[in-house]
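Subject: Structure handover

Hello,

Please find the structure below, with the sequence. My notes on what was found in it follow.

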Amino acid sequence: MTDRSDRLINTLELPRALRELDGDSLQRVANEARSEIIETISRNGGHLGSSLGAVEIAVALHAELDCPRDAIIWDVGHQAYAHKLLTGRLGSFGSIRTYGGLSGFPCRDESCFDPYGTGHASTAVSAAVGLVEGRLRRAGGASGRREDGVGGPDPDPPGRVVAVIGDGALTGGMAYEALNHAGHLKTPVLVILNDNAMSIEKNVGAISAYLSRLRTDPTLSRFRRDLERMVQRLPGVGDRMAAMGEQLKDSIKGALVPGMLFEELGFTYVGVIDGHDIEQLRFHIRRSLAMESPVLLHCRTVKGKGYAPAEQQPGRYHGTPRFSVSTGESLDPEGPTTFTRAFGEAMVELARADDRVVGITAAMASGTGLDLLREALPERFFDVGIAEGHAVGFAAGLAATGMRPVVAIYSTFLQRAYDQIVHDVCLQRLPVVFAVDRAGLVGADGPTHHGAFDLSFLRVLPGLPVFVPRDERELQGLLATALGLEGPSVIRYPRSVGSGAALSKPIQPFKGPWVDVTRQGSDVLILATGPITVLAEEAADALGAEGVGATVAGVKRVHPLDRDALVPLLEGHRVLLTVEDNALAGGFGSAVLELMADAGLHRLCARAGLPDAFVPQGPVDVLRSDLGLTAKGLAEMARRLLGRGDDAKD
Ligand SMILES: Cc1ncc(C[n+]2csc(CCOP(=O)(O)OP(=O)(O)O)c2C)c(N)n1
């Protein structure tokens with residue numbers, strides 16, 4: 001570990017002290033922050049490349065602003081590590097992303113310097129506009145804005161608000177809705193566009209190409225600006241331009257002014273500037289804030305800046321497991337097949353067999369395993385950008401032509417697309433397959449990323465079968481089954497390494513049974529869904545050793561439940577325990593209770609799953625242990641149901 005004793009950053013009262021430092025000292029602080037990030041993330045894993053690319057932006061912002069009176073909202077928030085270091089979290093930074101430690105994202109509960117929590121993309125501009133407008137109203141009276149003359153003098157003028165958003169997050173529609181609204185309101189908000197031309201991987205889309213033209217053409221931008229000024233100064237011409245009216249002026253401006261897209265949305269566009277030059281950043285931040293109107297400051301940055309392996313492979317180090325700082329090599333060797341990989345491989349095989357099959361991702365090609373399809377059959381692969389709603393709407397359109405789209409989206413991000421699932425797919429009975437990855441607890445990314453709710457929000461939709469494979473083999477088979485349906489369907493599976501189940505070649509459609517009895521006993525029935533079923537089996541084995549007979553059945557279709565299979569099982573047992581890796585509210589257990597009520601069955605029952613609370617970050621096994629989602633915890637629940645509860649039996 002590096003000797004930290006002579007670090008400047010340790011001696012400063014941050015962030016206030018930054019405002020007094022000269023350029024060299026600020027750069028020294030940035031360098032020290034960068035080293036701290038590299039070292040800590042090499043031990044904890046995390047969003048390395050994104051945070052390294054935003055170090056100077058964080059330093060410059062805190063040198064110009066007066067936080068927490070002023071506010072910075074970091075879009076996604078995965079690039080905010082330097083911000084954390086500069087705002088009182090240097091000493092605790094070693095705990096980032098660990099159980100009980102600092103969050104990997106800005107978090108309102110963690111610090112007054114995080115006025116707004118993030119984790120999902122494209123939210124920062126909306127929140128910033130809301131913050132400004134809310135503060136203005138709070139300061140000026142409920143009736144309106146101070147500059148409208150309403151509300152009287154401001155005893156405590158509201159602070160300034162800055163949103164920092166990446167070019168990847170700027171592919172999400174919500175960001176444009178916010179720009180559109182802010183331009184209309186003329187909200188005094190500064191949006192810093194942190195443009196590294198990368199989303200997790202290379203950014204996609206027409207806007208990305210537009211930004212790239214602005215970015216790679218700075219001389220032309222400057223030339224256009226100079227030319228505009230020159231034309232306006234020419235004797236007679238400037239006056240005539242004014243007389244020509246707004247429309248003509250606008251079209252001339254359009255030809256001359258870079259960033260016209262943002263200008264048309266009501267923002268003053270400033271850029272492109274070097275996002276690693278602290279002095280330049282400070283100058284433009286200061287000037288932009290002084291405008292007291294919507295300003296977009298376009299900064300060019302390098303993802304992974306300052307750490308060679310991350311600069312060379314920005315996709316690999318976007319979010320990284322633990323690694324050796326000297327070699328860049330991962331310290332967490334890849335385990336056996338993950339569900340994600342099994343899905344990706346199945347997509348390639350099934351797309352080869354059926355040319356109607358296409359795969360769609362919202363900027364998560366490698367995260368979802370669809371990178372395998374991109375490599376094998378590029379014309380059958382779509383990356384739509386961070387645009388989950390569009391991904392689903394687009395899939396609906398494709399399906400309406402007879403195609404068989406598979407939309408692979410993490411459970412937590414699918415929340416964005418709920419109305420598209422309901423209105424565009426289910427209501428129209430279109431054959432879209434939803435591959436819902438990262439279902440259940442995900443670990444260090446924490447509550448913004450746990451896939452806690454998908455069973456609850458998906459199993460209520462008419463005509464939408466919800467499949468829950470137990471292992472990778474079932475996942476592949478269920479994908480084949482889903483592709484054969486004439487309507488929509490869902491397959492939900494976790495982040496974890498699979499069970500190593502032998503895969504069938506070629507893939508065989510899974511045809512059931514939907515309720516698979518793997519243990520027989522007469523005292524208690526344990527119904528479980530997904531890979532967590534293995535814990536139910538271990539619990540049953542432990543109970544069996546004590547003379548308690550438990551039946552375990554794995555349920556592979558949560559909607560609709562297989563009533564014919566479940567009712568006799570329920571009738572044959574006195575007590576019931578359900579087990580799931582989803583919120584208890586509205587989840588699998590709730591579905592079973594509904595079935596029992598409808599069938600007129602009354603049983604003593606308990607449900608194991610995620611609580612009615614946001615689950616914190618931490619290793620999945622630790623979190624599960626806290627929640628009693630372990631074989632031991634399940635066995636104890638069963639004992640209690642049977643009136644044999646006894647903690648001493650552990
Ligand atoms: C709604 C949503 N979809 C997907 C993601 C996953 N995700 C996290 S960061 C990221 C890329 C962000 O790119 P950019 O904004 O350019 O930031 P950079 O990492 O390049 O600095 C993606 C797709 C997310 N956080 N939120």
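Strand S8 (residues 404-410) is largely enclosed by the rest of the structure, because 7 of its 7 residues are buried. Buried means that 20 or more other C-beta atoms lie within 10 Å of the residue's own; exposed means 12 or fewer, and partly exposed is in between, with C-beta atoms placed from the backbone. Strands (E, at least two residues) and helices (H or I, at least four) are DSSP runs, numbered from the N terminus.

Before going further, this is a predicted model: local features need pLDDT of at least 70 and side-chain atom pairs count only at pLDDT 80 or more, while totals for chains, interfaces and linings use all residues. Residues are numbered from 1 along each chain as its sequence is written.

Both faces of S8 are buried: Arg 404, Val 406, Ala 408 and Tyr 410 point one way, and Pro 405, Val 407 and Ile 409 the other. S8 pairs in the parallel sense with strand S6 (residues 357-361) over 5 bridges, and Val 407 is the bridge partner of Ile 360. Strand S9 (residues 433-437) also pairs with S8 in the parallel sense, over 5 bridges; there Tyr 410 stands opposite Asp 437. Strands count as paired if DSSP finds at least two bridges between them.

Val 407 is also among the residues with the most contacts inside the largest nonpolar core, which has 170 residues; Val 59, Val 125, Ala 391, Ile 491 and Ile 526 are the others listed. Helix H15 (residues 339-353) gives the largest share of this core, 8 residues. A nonpolar core is a set of buried Ala, Val, Leu, Ile, Met, Phe, Trp, Tyr and Cys residues joined through C-beta atoms within 7 Å. Another core, of 7 residues, lies apart from it and includes Leu 441, Ala 452, Ala 583 and Leu 610.

As for the ligand, 25 residues surround it, and the closest are Ser 50, Ala 121, Gly 166, Gly 168 and Ala 169. A residue counts as near if its C-beta atom, placed from the backbone, lies within 6 Å of the molecule. Domain 1 (8-215 + 271-312) and domain 3 (339-492) both give residues to this shell, so the ligand lies between them. The domain bounds come from an automatic or database domain assignment.

Regards
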